Amino acid sequence: MPFVRIHHPSGNDPHYPKALSQGVHRALVDAFGIPNNDYFQVVTSHQAGSELIGPAEFLGIAHSDELVIIQISCAEGRTTKQKKALYEAIAENVSNDAGVPRDDVIINLVETKRENWSFGNGQAPFA
């Protein structure tokens, strides 16, 4: 039940947002074992440098104007090993699929309790 927000620089190829989206989703299916149809995302473009901002370098990792910030909200319960596999798979997929330099892939994982989710009709199926 992940909910994904992908923030990317504007001005890329029209297929770029879809390549980012699919690369992240594929990684979630592979690393977290989510169903293929568990696909809830918001993909937003921003002007690099003024609306999408990051440091030129952090923790020894250089960043460029191609910075992509991905936030994933998901249910609790994944192991550190699964999370590391997810981060690696996302970086690999968006690098290969959309041409994003691996150094420019920022990922934030937010875990929530299952009862915090409603998928429609005002119902909380996991509460």
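Which residue in β2 does His7 stand opposite? His7 faces Thr44. Welcome to this predicted model, in which local features need pLDDT of at least 70, side-chain atom pairs count only at pLDDT 80 or more, and totals for chains, interfaces and linings use all residues. Residues are numbered from 1 along each chain as its sequence is written, and side-chain values use heavy atoms, leaving out hydrogens and water.

**The sheet**
- Four strands form an open sheet in the order β2-β1-β5-β6, with mixed pairing.
- β2 (40–46) and β6 (105–112) are the edge strands, each with a single partner, so one side of each has no neighbour in the sheet.
- From one strand to the next, the twist averages 10°.
- β1 (residues 3–9) pairs with β2 in the parallel sense over seven bridges; two strands pair if DSSP finds at least two bridges between them.
- Helices (H or I, at least four residues) and strands (E, at least two) are DSSP runs, numbered from the N terminus.

**The helices**
- α1 (residues 16–32) packs on the sheet and touches β1, β2, β5 (68–75) and β6, where contact means heavy atoms within 4.5 Å.
- The direction of α1 makes about 145° with that of β1; axes are lines fitted to C-alpha atoms, for helices over the stretch in contact, and angles run from 0 to 180 degrees between N-to-C directions.
- α2 (residues 80–98) lies across β5 and β6, at about 140° to β6.

**Around Ile90**
- Not counting residues up to four places away in sequence, Ile90 touches Val24, Ala27, Ile70, Ile72, Val105 and Ile107.
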